[in-house]
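I opened the file to go through it feature by feature. These are my notes, in the order in which I looked things up.

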Amino acid sequence: MQIAERKVASFHYTLTNDAGDVLDSSDGREPLVYLHGAGNIVPGLESEMAGHVAGDKFKVDVAPADGYGDYIEELVQVVPRESFKGVDDLAIGMQFQAQTEQGPIAVVVTEIDDNEVTVDGNHPLAGEALHFAVEIVEVRDASDEEIRHGHVHGAGGHHH
Ligand code: ZN
């Protein structure tokens, strides 16, 4: 069975950056399971999965725009430290929800000084080219309910 719309595929992967550093891997874990065509994985990877079958091993190079997006300077903002008054132990790396005109986005604290705090709303992997080594484990039909929900149920998926 080939990966296509309305199929659920599970796969092992190792994700590296341009420098060859491993950023993420399913090694030692259950394979990642996703519903094809539902935007569950980054677009540049999803498009290359189509047509593959269980047992296939291949590599996919994904440009930033087809991965976690280009790095957008405007998403880096400096805000007064007093905006974080209620927060104990404010530290670099802490995540917050910021309200923007486009709706809430996740931001991470990247810099703190006496008066100001810098937060970055880019995805941690924004601007990075992504290099995936993929091994397809299983391909099956999605259930009607999975298609309606836009995600996988059961092992490796949503439980609700
Ligand atoms: Zn669901």
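I took the domain bounds from an automatic or database domain assignment. On that basis the protein splits into domain 1 (7–68 + 125–149) and domain 2 (73–120). The model is a predicted one, in which local features need pLDDT of at least 70 and side-chain atom pairs count only at pLDDT 80 or more, while totals for chains, interfaces and linings use all residues. Residues are numbered from 1 along each chain as its sequence is written, and side-chain values use heavy atoms, with hydrogens and water left out.

**Overall layout.** I looked up the distance between the domain centres, taken over C-alpha atoms, and got 31 Å for domain 1 and domain 2. Along the principal axes, the C-alpha atoms of the protein fill a box of roughly 60 × 40 × 30 Å.

For secondary structure I used DSSP runs numbered from the N terminus, with helices as H or I of at least four residues and strands as E of at least two. The protein has two helices and nine strands. Read from the N terminus, the order is β-β-β-α-β-β-β-β-β-β-α.

For burial I used relative accessible area with a 1.4 Å probe and protein chains only: buried is under 20%, exposed is over 50%, and partly exposed is in between. Of the 160 residues in the protein, 33% are buried.

**Zinc site.** Which atoms hold the zinc ion? I counted as donors the N, O and S atoms within 2.8 Å of the metal (3.2 Å for Na, K and Ca); water is not among the atoms, so sites may look incomplete. The protein donors are His-149 (ND1), His-151 (NE2), His-153 (NE2) and His-160 (NE2), at 1.9 to 2.1 Å from the zinc ion. Their spacing along the chain is H-x1-H-x1-H-x6-H.

Four donors count as tetrahedral if all angles lie between 85 and 135 degrees. The angles among the four donor atoms here are 99 to 123 degrees, and the site is tetrahedral. For reference, the ideal angle for four tetrahedral donors is 109.5 degrees. I also checked accessibility: His-149 is partly exposed at 36%, whereas His-151 is buried at 16%.

**Aromatic pairs.** Rings of Phe, Tyr and Trp (its six-membered ring) pair if their centres lie within 6.5 Å; planes under 30 degrees apart count as stacked, over 60 as edge-to-face and the rest as tilted. How many such pairs does the whole structure hold? The search finds three.

Phe-11 and Tyr-34 are edge-to-face, because their ring planes stand at 90 degrees, with the centres 5.7 Å apart. This pair links distant parts of the chain, with Phe-11 in strand β1 and Tyr-34 in strand β3 (residues 32–35), 23 residues apart. Both Phe-11 and Tyr-34 are buried.

Phe-84 and Phe-96 also make an edge-to-face pair, at 5.1 Å centre to centre and 70 degrees between the planes. Phe-84 is in the loop between β5 and β6 and Phe-96 is in strand β6, so the pair ties together parts 12 residues apart in sequence. Phe-84 is buried at 11%, while Phe-96 is partly exposed at 21%. I also noted one aromatic cluster, formed by Phe-11, Tyr-13 and Tyr-34.

**Largest pocket.** I worked on a 1 Å grid over the protein atoms alone, where a pocket is an open set of points with protein on both sides within 12 Å along at least five of seven lines, and lining residues have an atom within 4 Å of a point. Grid points are joined across faces, edges and corners, and the volume is the space filled by probe spheres set on the points. The largest pocket holds about 300 Å³. Its lining has 15 residues, and Gln-77, Ala-98, Gln-99, Thr-100 and Val-107 lie nearest the centre. The elements giving two or more residues to this lining are β5, β6 and β7 (103–112). β6 supplies the largest share, five residues.

**Backbone.** Most residues other than glycine have a negative phi. Arg-6 sits in the segment before β1 (7–16) and is exposed at 52%. Asp-89 sits in the loop between β5 (76–80) and β6 (95–100) and is exposed at 71%.

**Last contact.** Ala-126 and Tyr-68 are 58 residues apart in sequence, yet 4.9 Å apart in space, C-alpha to C-alpha. Ala-126 lies in the loop between β8 (116–120) and β9 (130–141) and is buried at 9%.

Methods. Tetrahedral: all angles 85-135°; square planar, octahedral: opposite > 155°, others 65-115°. 1 Å grid on protein atoms, 1.4 Å probe; cavity = no way out; pocket = protein on both sides within 12 Å on 5 of 7 lines; lining within 4 Å.
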